Amino acid sequence: CTSRNVQSTAEEGVFPKWMAGINSTLNTPVPAILTIMVMNMVYLLVDTSSLIPSFSTVEWLFYAMTFSCLLYLRYTEPKNIRPFKIPLPVAIFLFVITATFVVLPIFSKSSRFSVLIGLAFLPFGSLLYLIRYLYIKVHLRYRGNVARCNGGNNRNTNSQSQQAGQF
C-alpha cells in the first residue's frame, strides 16, 4: 500500500516522475517498491532508536486528527450519505486512545525530548509544503477516484502508465 502512495504522489508531481512507473505485466509500481526498499536498507544502517519515538508521536497525532475530523463531520453533517460508516462509540474510543498516545509521552521525562523533536518537524514540513506549492505553483489535482491497495479499481490506465514509463 505504501508503494501505491509513493506512485500516486509521483503522479501528482511531488516525487520525481520516474517513481510513478507501472509494470505493464503485473500492474505494480516497481520503481516505488524499489525506492522504498532502498530507503529501508539505508534506515537499517543508521541508529533509529531516537527516530522511531520521535515520529511515532507525530503518526499518532495524525490518527487523532483523522478521528477528530470524523467526529466533527458526524456532528456537523449527520445527514450525509457515507459509503462506509464507523460506529460512533468506536470513533470516540479511537480518538481518545490516539490522543492519549500523543499527550502522555510529553509528560514522560525519558521521552519528552524525542517527542518534541518529532513535533518540531511539523512546522518544517509545512514550510516545505508552502515553498513547493505556493511559490513554485505546483498544484495537486483531485482525480475523483482513489487508488486501492486491495487490487481493486486502480487509477492508472494504459495511457497513464505509458506517460509515467513502463517497467
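Let me start with a pair of helices: H1, residues 2–11, and H2, residues 30–45, have axes that come within 8 Å and cross at roughly 115 degrees. The crossing of H1 past H2 is right-handed. On the H1 side, the contact is made by Thr2, Ser3, Val6 and Gln7, and on the H2 side by Ala32, Ile33 and Ile36. Sorted by class, that contact has 4 nonpolar residues, 3 polar ones and no charged ones. Please keep in mind that this is a predicted model.

Staying with H1, is this helix mostly covered or mostly open? It is mostly covered, with 7 of its 10 residues buried. Those buried residues are Ser3, Arg4, Val6, Gln7, Ser8, Ala10 and Glu11. H2 is included in what covers them.

Take Ser3, which lies in H1. Why does Ser3 count as buried? Because its relative accessibility is 13%, and the cut-off for buried is under 20%. Setting aside neighbours within four places in sequence, Ser3 is in contact with Pro29, Ala32, Ile33 and Ile36. Ala32, Ile33 and Ile36 are also the H2 residues in the helix contact I listed. Just after H1 comes Gly13, which takes a positive phi of about 100 degrees.

Next, H3, which covers residues 51–76 and includes Leu61. Leu61 is partly exposed, because its relative accessible area is 21%, and partly exposed begins where buried, under 20%, ends. Not counting residues up to four places away in sequence, Leu61 touches Val102, Leu119 and Leu122. How far apart are Leu61 and Thr100 in space, C-alpha to C-alpha? The distance is 9.5 Å, while in sequence they are 39 residues apart.

That takes us to H4, residues 88–107. H4 has 20 residues and reaches 29 Å from its first C-alpha to its last, close to the 28 Å expected at 1.5 Å a residue. Where in H4 is the kink? It lies at Phe101, shortly before the proline Pro105, and is about 25 degrees. The buried residues of H4 are Ala91, Thr98, Val102 and Pro105.

As for spacing along a helix in general, an α-helix has 3.6 residues a turn, so residues three or four places apart point the same way. That is what I have for today.

Notes. Residues are numbered from 1 along each chain as its sequence is written. This is a predicted model: local features need pLDDT of at least 70, side-chain atom pairs count only at pLDDT 80 or more; totals for chains, interfaces and linings use all residues. Side-chain values use heavy atoms; hydrogens and water are left out. Helices (H or I, at least four residues) and strands (E, at least two) are DSSP runs, numbered from the N terminus. The expected span of a helix is 1.5 Å times one less than its number of residues. The bend at a residue is the angle between axes fitted to the seven residues ending there and the seven starting there. Buried means under 20% relative accessible area, exposed over 50%, partly exposed in between (1.4 Å probe, protein chains only). Axes are lines fitted to C-alpha atoms, for helices over the stretch in contact, and angles run from 0 to 180 degrees between N-to-C directions. A crossing is left-handed if the near helix is turned anticlockwise from the far one by less than a right angle, and right-handed if clockwise. Contact means heavy atoms within 4.5 Å. Ala, Val, Leu, Ile, Met, Phe, Trp, Tyr, Cys and Pro count as nonpolar, Asp, Glu, Lys and Arg as charged, and the others, Gly among them, as polar.
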